[in-house]
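Trainee: Could we go through this model together, one topic at a time? I would like to begin with the interfaces.

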Amino acid sequence: MADVQTTNQSILVVGGGMSGITSALEAAEAGYDVVLVEKNPYLGGRVAQLYQYFPKLCPPNCGLEINFRRMRQNSKIRFFTMAEVANISGSEGNYNVTIKLSPRYVNDKCTCCGKCSDACEAEIDNTFNFGMDKIKAAYLPHEFAFPMRYVIDPSIVETEDGKKCQEVCEYGAIELDMAESTFDLNVGAVVWAAGWNPYEAEKIDYYGFGEYPNVITNVMMERMASPNGPTQGKILRPSDGKEVKNIAFIQCAGSRDENHLPYCSGICCLASMKQATYVRERHPDCDISIFFIDIRALDRLEDFYTKVQEDEKIQFIKSKIANISEDEATGNLLLEGENTRTGEQLRMTFDMAVLATGMVPNKIDIAGAPEVAADEYGFVINDPEKAGIYGAGCVRRPTDVASSVADATSSAFKAIQSIARR
Amino acid sequence: MDKKTAVYICTGCGIGDALNVEQLLEEGTEEFTIDVSKDHPCLCGVEGVEVIKKDIADEGINTVIIGACSYRVNYDVFNFGPDVIVERVNLREQVAWVMPPEDENTQELAEDNLRMGCSKAKDTQLPEPFKAEEEYSKDVLVVGGGIAGMTAALETAKAGYKAILVEKEDKLGGFLGKMKQSVTMPYKELADTGAAEMIAAVEAEEKIKVYTSSTVEKISGGPGIFSVDIKNNGNAVNERAGAVVQATGWVPYDANKLDHLGYGKFKDVITNVEMEEMAAAGKITRPSDGSPVKNVLFIQCAGSRDPEHLPYCSSVCCLVSMKQATYVKEQDPEAVNYVLYKDVRTVGQAEDFYRKAQQDGNIFIRGAATEVGEAGGKLFVEADDELLGENVKIEDLDLVVLAVGMVPASKPAVTPRIKAPADAENADEEGMIEVLPDSGFFANSALNLAYRQGPELPTLKYGFPDSHFICFPYETRRTGIYSAGCVKRPMETAKALDDAAGAAMKAVQCSELTAVGKAVHPRSGDMTYPEFNMNRCTQCKRCTEECPFGAINEDEKANPLPNPTRCRRCGVCMGACPERIISFKNYSVGMIGNMIKSVNVPEEDEEKPRVICLICENDALPALDMAGIKRMKWSPYVRFVQMRCLGSMNLVWIADSLSRGIDGILLMGCRHGDDYQCHFVKGSELANTRLSKVSETLDRLALESERVKFVEVGITDYEKIPKIIDDFMETIEEVGPNPYKGW
Amino acid sequence: MENKMGYNASFAEEVFRNVDSGDEIKMCMNCGVCAASCPLREHMDYPPRQIFSLIRAGKREEVLGSQSIMLCTSCYTCVVKCPRSIPVMDVMHGLAHYALKKGYTPRIEAARFGKEFWNQVYRRGRVDERDLAQRAYFAGGFWEGVKKILEFADVGIKLVLHRRMKLIPEKKIKGISTLRKMLDKAEMLDKGRSVQ
């Protein structure tokens, strides 16, 4: 049972990704009590899974580390991982919220020594790496995990493995009988920063994702390029582990498509260009083709586009890819499209294809929750008429990290205003 | 304060197996006054913490040294309140997990680490937050009364704070006020600009004081205690503010530079701003003869995305042209609009408005204009149509609209020149040199800061006073001054609203933190601040020049005048000072020097080199932790000393270390240069520059230059750390032991 | 008149107004997915996307005289994939119909091709690319057929290599009789609209 006292002067932030962390910190540093809940066993959300940011090609952990330090020294913030909102009722200035905590089976005595993981034999799919590799069922979600504490997967709780983990722990940190629990909060405002999910690439059936192993998504590419990813940073074909000699990036895989996501996901052009630089850095001989409809590099991000265009190994081809087929013998992929600059029909073979899948917002989906305005795509609209619950970051529009942070800062202020009005 | 010090060693997590703890407690604390020393099998557990708490309560312990895991974990467990100094000594990630157990070198490493911790704890004082003599203000000064400025003021007021809004025109509104309609969320149809309502709301809000026809003549002081001189219709007014939002907007790119597109040559070639004003005024007609328009062509990226003009994308022009095409169609449904574009950039849900513009029958042509001309009283445009692969001609045009881009109001038309430093290479005949954008002397007048480092916010290369950080978009180089809206980067109205609210949030937060003597980002909450021992100051100006945030002014005799509320606590001034007169309560030249001195230097014949690694706590130190968690191995001869920022590195530490026999100095800091990652902007770069002067010291001591090395270490570079260390140790082995050992 | 293509919105307006589903082309964003998904793209002088571009550019002759608009076999692939939900197929049929009405006659190859395509679907329930090409090419006589085959040899080899065309004849699909009933019905319903 969580021991947390809040009042209608407090702010609840839902989602511990970049936007949620930012909203929580900005409000707390202005002197407000904040409770942050995150459903994963660690904070950091999607950015924690990225290898680098565009356009600076710098590691996201750098900024996260600063934010975690801000959080460590600020007693105004309480945060809960493996926590979700089960219920919200009330109105601006006075919400009653029930938070559900899923069992971690590891308590706060964990010193992160790693002995449970050594003792555990069972392995599970590594969701942090989108299932591209396996991890022990007693695991640290990733090296920079904050809070730095192990997790026991529910699948081993009642097995020998679970017992072994418990026996080997010298600190009594493993509690296999830990159960789901809930606690209630009273808050004055809510910031909804639940982030986004990548569009389900299987739904674009003509790209063969899930069927052809060498078709991957852009989020998988980030893990693959990360030194702590499934391939230790090497960009290898999933089918045979071969180093890539030519690779295709397929833009608007789902986005700008009325059959899938009618909106533009805003970041994918730059993400693919960034990933092209990953490939170039590791495999200088690899040829890279980026297939696009329009290149959308707003403001100074245009500089990055200019820089990437200067690389002679990277070509931009204006074509929406219409089909991918696989050569079963080699695992190579045949891409078909129309080069709309030349009118030529394209048939190009690649070792690997990366689908630039778009963003799907995690909208407020809690039975009985107060109505929050959303557009037809599920993005939250901060309607001044329905103040009190505010979207922040990619739940409002598909956007990059800097804009999400700016937006999260503004949402923190809106939450403060809700409290000031009471 | 009278210190009562206790040392606790945790023997859990393999520490007890790797080390002789009894010997560690003895040797590691020998030279220090320690009142209590204990070990515990699990110090972070409830019983372990209870032991410490009991000693604090019963023995009056007020200084606690904990030899256990990294300070980055269990920070909450080992927090005993504001009156107890806690010093963490890393025996786990940097010792037990990475060094061979029960080894002499491992033991010596642990002992040195503990000695350094004891030394630091001895020199650490509890912080006494800064309190200015002046009365603090929490009001927000907003400069610029357009959409961003008005929003910043309104949002501030809604949160219960006061705002002062200064606008140079005689009425509020900025470009928003000049627009007929706007395109904004949810991007289905044109929307009312809302300018009139917003202006009315600002004027009706009693928490907002509006100054129109006014300019900011001078801002002095610092966050919490800004004194603002405003010239209001010729009268001088003074206001006080806690923080500032600069929302001075943009100006259209000068279309006179676009004569290749017919501007200035043909009356019916106009800019999108002129088009908007014409539409807002009533009817869109041909400027040449006032006749109605039937065929209109929009040329996108007129100047933008062009290395000859504006290399960046102005972000809004696609939507603006689609909006104006809608005006044309609304006026005459039979009219035809052509849009000549490079890429259609309607990101996010704005794609819906592109669809609307297509649905309206506007004709989009992907390509670049090659000629704009006139024939028979009508305009024509020739263009390379990328999708037809032909040069095409669009004739019979009544109006050609150039979608000119946004230039930040801060960008000077002509780059100012200043007197060049003596060693400058590209100075002109008069010894003058162009000011760089990241200088406070570059931007157009808006704030007029009475700062030694210039009157305006430093900008990025195109003149935008934007943050260089992705994670921290409100970071500026002047504490408590935040930019918002299109002065910061080209942005559409929907984004400007959010951006301005965020800037107001930062402004209010800065006032709140400053009022209680706390630092703002990135060391938010830090209650220490630099104190100057002026008796020994030699007026060398290094601190006033190097402070990345322009915190230190100068008097006419070049004495530094610190402004603690502007300070970000990076310690760059402390590192810069050759006289060592700048100190924080828990971080000073003497303290780090003493820590280094507490490291035992074995005799030469023991063949145990000693290297000091000054390591940035923001990125390199967490990376080292990661290397520890991954159980990587490296030399046991390196002693890590944590820096707030490598920019706080003082050369005296290097000189002192080398003169007492330390064999080498390794510096680990953040990436610098164009894509710098230093959280204090200039710290890492300054450390590197300072290092170029270390050769003097080395020459004086007749030592090899290889003994001192700077490496950039990013937070995810942990895989590289063992190799960096091993390579350096190899170098040290090659140059041989430091001859000053035992002196 | 200069030897330069002149954009002229009047043809676009004509198409928007007079051609069945003609105004749908307004939504085209030139992604090219229709062209690349068309099974007959190798045989078209202009793929659908280019037809739409030409309409917007005002190239009346090229569009109404093109054989592409006559070739569409209603396979629906482009319609299903079009990110702007343009009923490409309907537009192509509409244009074909409009062209015929305006006195344009389909070039002989297109008519033969269409007929052969239909026959094959009727016979086997699927299209045999090799057989289709062969029959279409030879329909005009032996020598013309040889010439055509040589002309398209590269395309054919590529199709084979990419396994888009098989060398052995395709088999009938299961349930061909049901399909034939559907096709008969469709033909009946569509009488008067078919371009054949």
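**Interfaces, cavity and local geometry**

Mentor: Let us start with chain C and chain A, where 23 residues of chain C are in contact with 22 residues of chain A, contact meaning heavy atoms within 4.5 Å. Before going on, note that this is a predicted model, in which local features need pLDDT of at least 70 and side-chain atom pairs count only at pLDDT 80 or more, while totals for chains, interfaces and linings use all residues. Residues are numbered from 1 along each chain as its sequence is written, chains are lettered from A and ligands numbered from 1 in the order in which they are written, and side-chain values use heavy atoms, with hydrogens and water left out.

Trainee: What area is buried between chain C and chain A?

Mentor: About 1900 Å², of which carbon and sulfur atoms give 46%; buried area here is the accessible area (1.4 Å probe) that two parts lose on being put together, summed over both.

Trainee: And how many salt bridges are there across the interface of chain C and chain A?

Mentor: The rule finds three, a salt bridge being a side-chain nitrogen of Lys or Arg within 4 Å of a carboxyl oxygen of Asp or Glu. E336(A) pairs in this way with R41(C), and their closest N and O atoms are 2.6 Å apart. The rule also finds 11 residue pairs in polar contact across the interface of chain C and chain A, both residues at pLDDT 80 or more. A polar contact is a pair of N or O atoms within 3.5 Å; within protein, one must be able to donate a hydrogen and the other to accept it, and residues adjacent in sequence count only if both atoms are side-chain atoms.

Trainee: Which helices of chain C supply residues to the side that touches chain A?

Mentor: α2 (33–37), α3 (48–57) and α6 (77–81) of chain C each supply at least two residues, and the largest share, four residues, comes from α2(C). Helices (H or I, at least four residues) and strands (E, at least two) are DSSP runs, numbered from the N terminus.

Trainee: Now chain A against chain B: how many residues are in contact there?

Mentor: There are 78 residues of chain A in contact with 87 residues of chain B, and the area buried between chain A and chain B is about 7300 Å², of which carbon and sulfur atoms give 55%. K56(A), R300(A) and F413(A) supply 11% of the area that chain A buries against chain B, more than any other three residues.

Trainee: What about salt bridges between chain A and chain B?

Mentor: The count is 17, and one of the salt bridges joins the side chains of K414(A) and E155(B), at 3.0 Å from N to O. Across the interface of chain A and chain B the rule finds 47 residue pairs in polar contact, with both residues at pLDDT 80 or more. On the side of chain A that touches chain B, the largest share, 14 residues, comes from α8(A).

Trainee: Switching topic, what is the volume of the largest cavity?

Mentor: The largest cavity has a volume of about 480 Å³. On a 1 Å grid over the protein atoms alone, a cavity is a set of points where a 1.4 Å probe fits but cannot get out, and lining residues have an atom within 4 Å of a point; the grid points are joined across faces, edges and corners, and the volume is the space filled by probe spheres set on them. Of the 35 residues that line the largest cavity, the closest to its centre are L298(A), T399(A), D400(A), S403(A) and K495(B).

Trainee: Which element gives the most to that lining?

Mentor: α8(A), with four residues.

Notes
1 Å grid on protein atoms, 1.4 Å probe; cavity = no way out; pocket = protein on both sides within 12 Å on 5 of 7 lines; lining within 4 Å.
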